[in-house]
Each structure stands twice: as C-alpha cells, then as structure tokens.
Amino acid sequence: MRVDNGWSIEYYVTESGTSPVREFLLGLDKKTYARFLKSFDLLKERNVQAREPLVKHIEGKLWELREESNTNIYRILYVFFTGKRIVLLHGFTKKTQKTPRREIELALQYLSRYEAAKGGKH
C-alpha cells in the first residue's frame, strides 16, 4: 500500500479548455496508456527524487516522463510546481535521438501560460 505523500498530478489545460496531455494519452494504444498511468503513480511517489530511466531532466525546470512501446518512444514534458503539484504540459511521440526543440518550446509556452493563470513558482 502506498503512502499519500501529498504530491498530485495536474494536467495543463489551454484557454480553449483542452488538455494537450490528455489528448495525447487518448491517442495511445491501451497498453502504453496503462504504462503511463503506472508511471504517473511512480512519479508521484518519487517526485523530485525520480531519475532515469523513468524521467530525465531536459532544461531549466522542464523534465520528461519516458515511456516506450515495441515500436515507438513517448515523452510527456512536465514541471514541479508549488503545492507539491506535478504539472503535465505536453506529450509527444519521439522520433529523433534528441528531444526536438519545437516540443520543448511548446511545453515552455504552456508553462508560461500556466504560471500566468495560476501564479506560484515551479
């Protein structure tokens, strides 16, 4: 039985009311989706102590949650935010060795909008 350590997962929601990560997850096969849900539990449990292969630091406050299937590599970019919140910003299928800059930039845009709307610090 896991102890509740107070950490929560929160999905970034755009101004139009959509969640990029929820939409990304719904597009995955059931097996990969289920693995991500288990990874979310591990991330909440380990939070800032989580390390590779589960997560990898990207830059600044941005981290990636890592998952693979037989044919694809998937990433969800996230940050730690005040109030023991893990905010999931952006999910994508990784097709190159290095995380594409456009994916990082999109997550940083979402983070900026999230901070403006919610206040607080990550």
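Is tyrosine 33 buried, partly exposed or exposed, and what is its relative accessible area? Tyrosine 33 is partly exposed, at 31% relative accessible area. Here buried means under 20% relative accessible area, exposed means over 50%, and partly exposed lies in between (1.4 Å probe, protein chains only).

The model is predicted: local features need pLDDT of at least 70, side-chain atom pairs count only at pLDDT 80 or more, and totals for chains, interfaces and linings use all residues. Residues are numbered from 1 along each chain as its sequence is written, and side-chain values use heavy atoms, with hydrogens and water left out.

**View 1. Tyrosine 33 and a nonpolar surface patch.** Tyrosine 33 lies in helix H2, residues 30–46. Helices (H or I, at least four residues) and strands (E, at least two) are DSSP runs, numbered from the N terminus. Together with Leu26 and Leu37, Tyr33 makes a nonpolar surface patch of about 290 Å². Patches are made of residues with over 30% relative accessible area and no salt bridge; like charges are joined within 9 Å, and nonpolar side chains (Val, Leu, Ile, Met, Phe, Trp, Tyr) within 5 Å. Accessible areas come from the Shrake-Rupley method with a 1.4 Å probe, and for residues only the protein chains shown count as cover.

View 2. The buried residues of H2 are Thr32, Phe36, Ser39, Phe40 and Leu43. They are on the same side of H2 because they cover an arc of only 110° around the axis; the arc is that of the directions from the helix axis to the C-beta atoms. The cover over these buried residues includes helix H1 (20–26) and the strands E1 (8–11), E2 (55–59), E3 (62–68), E4 (73–81) and E5 (85–94). The face turned away from the buried side carries the exposed residues Lys30, Lys31 and Lys38.

**View 3. Isoleucine 104 in helix H3.** Isoleucine 104 lies in helix H3, residues 101–118. With a relative accessible area of 5%, isoleucine 104 is buried. Leaving aside neighbours within four places in sequence, isoleucine 104 is in contact (heavy atoms within 4.5 Å) with Ile58, Glu59, Leu62, Leu77 and Thr99. Tryptophan 63 is 41 residues away from isoleucine 104 along the chain, and their C-alpha atoms are separated by 9.8 Å.

**View 4. The salt bridge between arginine 85 and glutamate 10.** A salt bridge is a side-chain nitrogen of Lys or Arg within 4 Å of a carboxyl oxygen of Asp or Glu. The whole structure has 7 salt bridges. In the one between arginine 85 and glutamate 10, the closest N and O atoms are 3.7 Å apart. Arginine 85 lies in strand E5 and glutamate 10 in strand E1, so the pair ties together parts that are 75 residues apart in sequence. Both arginine 85 and glutamate 10 are buried.

**View 5. The salt bridge between arginine 101 and glutamate 59.** The closest N and O atoms of arginine 101 and glutamate 59 are 2.6 Å apart. This pair links distant parts of the chain, with arginine 101 in helix H3 and glutamate 59 in strand E2, 42 residues apart. Arginine 101 counts as partly exposed at 42% relative accessibility, and glutamate 59 counts as partly exposed at 27%.
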